[in-house]
Each structure stands twice: as structure tokens, then as C-alpha cells.
Amino acid sequence: MKLSSIISLSDSISEQYDISDPVRLCRQAGVILLYFPMGCSRKACKGFIIRQEQNTAITVNSDISPDMQRIVIYHELAHFFLHISTGIADALQDCAVGCPVSDMEYEADLLSAELALRDAAVLEALSSGADFFEAAAMLHCPPEILDFKLRIMRERGCSLPDAPIAACGGCLGAAADPGFSFDTALQKHYA
């Protein structure tokens, strides 16, 4: 799916729903939200979405930080809007690069970045003198999600620098520490 299609879908979602809170967005979209402990190791599952008959449920790892839970919920909601509600897939799990699921992960990462981060907040963080990684911490998101958001904002015509990283689909599955707190990271950076 092209960036322009992701932007159009995001605009449509924003017109229909309140996207400021992912938990509220789940309720409004009729998606059941569940929390279940799945561990804090690097390879721990952070969340997944599944549809059974007419019911769609997102399960989030309750062992990960609230910051990461928020991003994971947006990511799984992106799968809902992109893939589940359209009938492309009934359940999704991460897969290797080069398979259709990886393309789905990339699309979900793009849409989740667009849903989770407001343009004004991104511009404010970047113009504050913070470097890219500090800006990501200020926005309470992994740097990869900020990279995806910058790509979308550039597609919309914003003049922004390239990120010092090049995120790929499935970036949440590779998050270094599922218990990572973006507030703590920012505090450590300034200590």
C-alpha cells in the first residue's frame, strides 16, 4: 500500500473516531481489548489481533510498559483497519521479511505512527533542539515509529530531515526492551 493510501485511510479514521486514545478507539471500533502477561524478554510477544466470527480482539502484553502498550495497541488497531476489517487476514503474527505478512507489518507500522503521533507534537519535539532519539523519547514512542511518522509527514509536504535510522516493518517485534519507559530514557539522557 502506498503512503498516500495510508494517509487517506488515517484521515478517514480520524473523521470517524477519536484517535487520541487507543483504548477509546478500540471501544469505538468495536474491538475487544485484553491484557495478558507474556513476559519482558526481548523476544516476548508484545501483542496480537485475532478475529473469530464477528468478534475482533487485541491482546496486549501486560508485562510491557504503559508507553509500549499504547504503541502496540495503535499497531494492532492499524492491522484491524488495514487487514482484519477488510477481510485480508483473520489473524496476524510477525513473519520473515519478504512474505506478505511483512508487508502487512510495514503498513501497520506506518498507520500506527500516523494514528499515535500528532504532526504538531512531532514538529514541536524536533524544533525543541532535541536530537531524533530525544524527540522519540519526548513523544513516548520507539525511534522506529518516529521514522515512519517522518516519512508520512514528508509525503504530506513537510520539509523534514531524514531519520538517522531506516525502520522496516515489524519494528515493534524487535524492540530492545519491552519494559522500556520513554520517560526514563529521556531522564537518563539528560542526567
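**Close-up views of a predicted model**

View 1. Strand S3 covers residues 55–61 and runs parallel to S1, to which it is joined by 6 bridges. In general, the strands of a sheet pair through backbone hydrogen bonds, in either a parallel or an antiparallel manner.

**View 2. Three strands form an open sheet.** The 3 strands follow the order S1-S3-S2, and their pairing is mixed. Strand S1 (31–36) and strand S2 (47–52) are the edge strands, each of them pairing on one side only. On average, neighbouring strands of this sheet are turned by 20° against each other, direction ignored.

**View 3. Helix H2 lies across S1 and S3.** This helix comprises residues 22–29 and lies across both strands. Relative to S1, helix H2 runs at about 135°. Cys26 has a relative accessible area of 1% and is therefore buried.

**View 4. Cys168 is partly exposed.** The relative accessibility of Cys168 is 47%, so this residue counts as partly exposed. A search of the whole structure for disulfides finds 0.

**View 5. Glu114 is a buried residue of helix H4.** Helix H4 spans residues 100–116 and includes Glu114. The relative accessible area of Glu114 is 4%; because buried means under 20%, Glu114 falls in that class. When residues up to four places away in sequence are not counted, Glu114 touches Ser10, Asp119, Lys149, Ile152 and Arg156.

Notes:
Residues are numbered from 1 along each chain as its sequence is written. This is a predicted model: local features need pLDDT of at least 70, side-chain atom pairs count only at pLDDT 80 or more; totals for chains, interfaces and linings use all residues. Side-chain values use heavy atoms; hydrogens and water are left out. A disulfide is a pair of cysteine sulfur atoms within 2.5 Å. Buried means under 20% relative accessible area, exposed over 50%, partly exposed in between (1.4 Å probe, protein chains only). Two strands pair if DSSP finds at least two bridges between them. Helices (H or I, at least four residues) and strands (E, at least two) are DSSP runs, numbered from the N terminus. Axes are lines fitted to C-alpha atoms, for helices over the stretch in contact, and angles run from 0 to 180 degrees between N-to-C directions. Contact means heavy atoms within 4.5 Å.
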